[in-house]
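Please read it alongside the sequence and the model.

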Amino acid sequence: MRVLIVGGGPAGAIAARDLALAGIETTLVERAPQGAKPCGGGVSLAAFGEFGIPSSVIERSIRTLTLVSPRGARADIALDDSILVMVRRQVFDSMLREMARAAGAEILHGNVTRAWVDPSPGVRVTTDGGRTTEIGGDILLAADGANSVVARSLGRAVERTCFGIQEWMELSPPLAARWGERCEFHFRADVSPDFYGWVFPKRETLTIGTGTALSRARSLPRLLSTLKRSIGSDLADRPILRREVFPIPIGPIGMARPSMYAGPVLFLGDAAGLVMPTSGEGIYYAMKSGEIAARAIRDNSARPGRIGGAYAAEWKRAFDRRYAVMGRLQAFFYRDDGRREKLVAIHRMKGIPEISRSLWLDHDLSARTLLSYSRRLFTVLKEARSQGGGGAGVR
Ligand SMILES: Cc1cc2nc3c(=O)[nH]c(=O)nc-3n(C[C@H](O)[C@H](O)[C@H](O)COP(=O)(O)OP(=O)(O)OC[C@H]3O[C@@H](n4cnc5c(N)ncnc54)[C@H](O)[C@@H]3O)c2cc1C
């Protein structure tokens with residue numbers, strides 16, 4: 001069996017590594033080996049152990065998440081054990097591809113321009129890495145991100161529910177004093193009508209960004225400049241090293257997920273729209289989809305017709321409940337500034353920061369715990385509303 005993978009981001013690289021380790025002939029095609037995928041670069045520390053990623057690529061360990069409300073109220077979530085870390089994608093993705101190469105995967109530099117399923121059966125892609133080459137295989141993994149060429153070649157709609165904008169700045173000493181070990185999340189309609197704005201530090205840089213629904217993507221520059229002005233610290237006047245705009249395909253909210261496979265083609269990571277609602281975490285779930293796809297291929301190599309179904313079924317078992325819960329939380333809390341004010345206020349109540357910390361960063365929560373946590377959030381919110389005022393019931 002030969003597996004072709006288009007895209008060497010977190011999803012494709014982890015799939016390639018695991019397939020090669022299972023002794024399966026694997027070819028990964030990446031068009032921008034020196035590129036840096038637009039991203040905030042926040043990853044849970046646990047992912048490093050889970051996927052065997054060297055900690056040398058960690059740029060910053062975060063000790064506090066600060067939530068900021070529309071009226072400027074703040075609530076801190078302590079991460080004493082630094083369970084959230086920051087990476088730069090250029091370095092992180094290169095490391096993942098290197099791990100795949102070391103495991104025995106073939107890594108090619110090329111831009112895939114078309115993918116199709118042969119009646120033989122088999123899959124083929126054409127790459128244009130200077131000259132056009134055709135590559136064939138038995139299974140194709142579409143890990144080519146939110147603008148997936150593979151998905152479009154096969155006539156499949158690509159999920160582009162949300163767009164993000166992000167600017168990079170130098171992390172000068174005054175900025176490092178405020179954000180050296182802190183990430184900030186800003187909840188207010190004029191920064192994001194349906195998601196949040198963020199400030200994430202790296203080793204020598206700071207990224208400031210916001211996201212919103214595709215239909216409002218044109219307003220992103222305005223939303224970002226409001227965020228910078230509201231934060232202060234002269235952010236609005238500091239030189240911008242780089243600005244990037246890119247889709248954030250947040251998993252479907254309130255509707256069924258489209259099929260994660262079509263015959264011998266499996267869709268992974270952003271190409272399958274797997275970014276988690278509420279948190280916007282996509283790197284972990286992309287890597288997880290790579291791991292699950294590789295396992296489905298390994299376990300069903302004698303019955304290739306079952307691979308897609310096995311992949312989709314394991315994904316559903318592992319994460320469907322979490323997407324549903326996080327989707328409900330996003331739809332509820334990110335709706336208007338009154339709710340955002342309360343969202344931040346309840347994070348000053350005893351026990352609530354710990355719940356959010358787990359919902360965002362603990363990937364092993366049981367379905368039962370997930371439900372009980374989300375119920376608790378809705379209950380305290382209702383109590384805070386019945387008492388009136390954003391600060392009601394807070395510590
Ligand atoms: C502004 C912004 C901030 C974000 N911040 C965070 C964050 O802090 N934490 C987090 O967890 N998630 C974040 N995300 C989401 C996260 O970046 C994605 O979910 C994640 O990168 C998905 O990984 P992937 O491997 O599926 O796709 P990608 O990372 O997009 O990788 C796809 C790869 O395929 C390659 N490729 C594409 N087309 C072709 C082609 N035709 N031929 C060959 N190669 C191709 C690309 O070069 C790329 O290397 C953010 C997203 C955005 C836009």
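An oxygen atom of the ligand lies 3.2 Å from a polar backbone atom of Pro10, and an oxygen atom of the ligand is also 3.0 Å from a polar backbone atom of Ala11; a polar contact here is a pair of N or O atoms within 3.5 Å. The model is predicted, with local features requiring pLDDT of at least 70 and side-chain atom pairs counted only at pLDDT 80 or more, while totals for chains, interfaces and linings use all residues. Residues are numbered from 1 along each chain as its sequence is written, and side-chain values use heavy atoms, with hydrogens and water left out.

**Ligand contacts and burial**
- In the side chain of Lys37, an N or O atom is 2.9 Å from an oxygen atom of the ligand.
- The ligand taken alone exposes 1,000 Å², of which the protein buries 94% (accessible areas by the Shrake-Rupley method with a 1.4 Å probe).

**The shell around the ligand**
- Elements giving two or more residues to the shell are helix H1 (10-21), strand E2 (25-30), strand E15 (197-201), strand E17 (242-248) and helix H7 (283-299), where helices (H or I, at least four residues) and strands (E, at least two) are DSSP runs numbered from the N terminus.
- E17 supplies the largest share of the shell, 3 residues.
- There are 36 residues around the ligand, and Glu30, Lys37, Gly40, Arg89 and Asp270 come nearest; a residue counts as near if one of its heavy atoms lies within 4 Å.
- By class, the shell comprises 17 nonpolar, 12 polar and 7 charged residues, with Gly counted among the polar ones.
- Domain 1 (2-41 + 88-159 + 252-319) and domain 2 (61-84 + 161-247) each contribute at least three residues to the shell.

**Domain 2 and domain 3**
- The domain assignment, which is automatic or taken from a database, also gives domain 3 (325-387).
- The centres of domain 2 and domain 3, taken over C-alpha atoms, are 21 Å apart.
- In domain 2, 25 residues are in contact with 15 residues of domain 3, contact meaning heavy atoms within 4.5 Å.
- About 1,700 Å² is buried between domain 2 and domain 3, 68% of it on carbon and sulfur atoms; buried area is the accessible area (1.4 Å probe) that two parts lose on being put together, summed over both.
- On the domain 2 side, Pro70, Ile77 and Phe187 lose the most area to domain 3, together 27% of what that side buries.

Terms used. A polar contact is a pair of N or O atoms within 3.5 Å; within protein, one must be able to donate a hydrogen and the other to accept it, and residues adjacent in sequence count only if both atoms are side-chain atoms.
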